Amino acid sequence: MEADGEEERPNGVRPQSREGVSVGRGGGERAGSPYSRLGQRMQDVTGDRGVLKEVVRAGAGDVVPVDASVLVKFSGYLENTDRPFDSNCFRRNPRLMRLGEDITLGGLEIGLLTMKKGELARFLFKPNYAFGAVGCPPLIPPNATVLFEVELLDFLDSAESDRFFDLTPEQRERFPLQEKLKVADTEREFGNYLFRQKHFMDARERYKRAYSVLKRVFAGEADQARVDAAKLLVFLNLSFTYLKLERPARALAYGEKALELDQKNAKALFRCGQACLSLAEYERARDFLVRAQREQPFNHDINNALKQLASCYRDYLVKEKEMCGRMFGPPNAPPAEAEFQQQEAVEEEEEQLESSGEAGEHGASMTQAKRARGIGGQSVLLTAEGNEKGGPGAGFFSFP
C-alpha cells in the first residue's frame, strides 16, 4: 500500500524520507536530518530530549508498571536505513520479557513505562539512552541516535504477585479480596502465556498457584460470584493443560470441578468429554459431548469430537467381538481374515471347475466335499433333502 509516494512498513509505520540525507549509515542526529525533523514533532519523555515519543495508535487501560513483564513487538532502525538492525516482529510467538532484566536498553525501558496495552508508538533514543559513545560495533556506529517502533501486545504486573507469595500465610490472609483476585488473575495470565508457548508443565504450576490463592478466599455472598468466576477459569485451564500432558483422569477431575460451578458450561462439558474419550469411557464421553452440543450446537470442535467418538466406539465393538470370538469360539479357529481367504479359495476353485466343464459328477462331489468340510475346519453340513430334490433347502448351510 502506498500513500504520498512513501512505502509503508509491515507494521503500518512509514520509513523516514531520505530527502537531504547523505548516503551511508549515519551516527548522531544532524540538523536538517530526517531524525532531527521527526524529533521536532515528538513528545519529550525524559525532559532532556533524550527519549522522544510519537503515538501511532493509542492503547487502552493502565500504563505499564515498574518491574512488569511485557509482551512486545519491536524493530530498531539506524538513520538512513530501512532495514532494522534488531527486530522480533518475525517471530511467531514473541517472548515475555521482564523490565530491568530482559530489556537492558535504557531508552526502551523508559519508553515502555509510558505505554498502554495495544499501543503502537515510535521512539527516538539519543546515544546516552541507547548504545552510548562507543556504539555496538560492527552493527551500531558510535554516538548513534536510533529509532524504535514498539507495539505493546500485553503486560503482566508480576511484581505484586511475587510480593504476595513472599508473605507468610497469616499476612496473605489479611490481603484485601481485590488484591487476591488480581494476584490470581496475574498467575493465570502467566499460565496462559506459557501454555501458548507449549510449556505445559510450567503453565500447570502457574494455574495451580492461582488456585492456591482462590481456594483460601472466604468471601461474602456479594463477592462469591466473582471468586467462583475466577475459579471456573482456572479449572478450565487446568483441565485443558492436563489433556495436553496426556493425563486425562486429572483433566476429568478439574473439568468436573468446573461443572460444579457451572453445570451448563460448554467448555467444561467438552473437556470432560475429551477426557472420557481418552480413557475409553465411551458412554460417559457421549453424555458429556451431547450436553456440550446442546449448549453450542454449531461448535465444530464439539461436533468433531462426537464423530471421533463414533469412530472409536465402532473400533471398540469390532475388537470386542473378535475377542469374544476367540474366547468362546471353536478351538484353533482361524482369524477372520484367514477364514475369508479360505472361503475365497474354495469359490475360486469352484468357478474354475465350472468354466472348464469338469464340474460333472466327480467335480460336483469334490465341491460338495469342500463345502462339507467347511471353512477353517468347522462342521458345515448341506441339508441332504434340499440338495437331492433341488428344493428350498438346496444350498443352505446348517451349523451344529
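This is a predicted model: local features need pLDDT of at least 70, side-chain atom pairs count only at pLDDT 80 or more; totals for chains, interfaces and linings use all residues.
Figure 1. Leu99 lies 11 residues from Ile110 along the chain. The C-alpha atoms of Ile110 and Leu99 are separated by 9.6 Å.

**Figure 2. The whole protein chain, for orientation.** The protein chain holds 14 helices and 13 strands. It has 400 residues, and 38% of them are buried. Take the contacts with a separation of 6 or more: residues 24 or more positions apart account for 61% of these. The accessible surface of the chain is about 23,600 Å². Carbon and sulfur atoms contribute 50% of that surface.

**Figure 3. Helix H3 against helix H5.** Two packed helices are described by the angle between their axes and the distance between the axes. H3 spans residues 158-166, and H5 spans residues 177-196. They pack at an angle of about 115°, with axes 9 Å apart. That angle makes H3 roughly perpendicular to H5. The crossing of H3 past H5 is left-handed. On the H3 side, the contact uses Ser158, Glu160, Ser161, Phe164 and Phe165. On the H5 side, it uses Glu179, Lys180, Lys182, Val183, Thr186, Glu187 and Phe190. By class, the contact of H3 with H5 comprises 4 nonpolar, 3 polar and 5 charged residues.

**Figure 4. Helix H3 against helix H6.** H6 covers residues 200-214. The axes of H3 and H6 come within 13 Å and cross at roughly 60°. H3 and H6 are therefore oblique to each other. Their crossing is left-handed. Ser161, Asp162, Phe164 and Phe165 of H3 meet Arg209, Ser212 and Val213 of H6. The contact of H3 with H6 divides into 3 nonpolar, 2 polar and 2 charged residues.

**Figure 5. The buried residues of helix H3.** Which residues of H3 are buried? They are Ser158, Ala159, Glu160, Ser161, Phe164 and Phe165. An α-helix has 3.6 residues a turn, so residues three or four places apart point the same way. The buried residues of H3 pack against several elements. Among the strands are E6, E8 (97-98) and E11. The helices are H4 (169-173), H5 and H6. Ser161, Phe164 and Phe165 are buried, take part in the contact with H5, and also meet H6.

Figure 6. Most residues other than glycine have a negative phi, and most peptide bonds are trans.

- Pro137 and Pro138 are joined by a cis peptide bond, with omega about 0°. Pro138 is in the loop between strand E10 (120-125) and strand E11 (146-156).
- Arg49 is not a glycine, yet its phi is positive, at about 60°. The loop between strand E3 (43-44) and strand E4 (51-57) holds Arg49. Its relative accessibility is 35%, so Arg49 counts as partly exposed.
- Asp67 also has a positive phi, near 70°, in a residue other than glycine. Asp67 lies in the loop between strand E5 (60-63) and strand E6 (69-78). At 36% relative accessibility, Asp67 counts as partly exposed.

**Figure 7. Ala251 in helix H8.** Helix H8 runs over residues 248-261 and includes Ala251. Is Ala251 buried or exposed? Its relative accessible area is 0%, so Ala251 is buried. Not counting residues up to four places away in sequence, Ala251 touches Ser239, Tyr242, Leu243 and Ala275. Leu238 is 13 residues from Ala251 in sequence. In space, Ala251 and Leu238 are 7.0 Å apart, C-alpha to C-alpha.

Definitions and conventions: Residues are numbered from 1 along each chain as its sequence is written. Side-chain values use heavy atoms; hydrogens and water are left out. Axes are lines fitted to C-alpha atoms, for helices over the stretch in contact, and angles run from 0 to 180 degrees between N-to-C directions. Helices (H or I, at least four residues) and strands (E, at least two) are DSSP runs, numbered from the N terminus. Angles under 35 degrees count as roughly parallel, over 145 as roughly antiparallel, 65 to 115 as roughly perpendicular and the rest as oblique. A crossing is left-handed if the near helix is turned anticlockwise from the far one by less than a right angle, and right-handed if clockwise. Contact means heavy atoms within 4.5 Å. Ala, Val, Leu, Ile, Met, Phe, Trp, Tyr, Cys and Pro count as nonpolar, Asp, Glu, Lys and Arg as charged, and the others, Gly among them, as polar. Buried means under 20% relative accessible area, exposed over 50%, partly exposed in between (1.4 Å probe, protein chains only). Accessible areas come from the Shrake-Rupley method with a 1.4 Å probe; for residues, only the protein chains shown count as cover.
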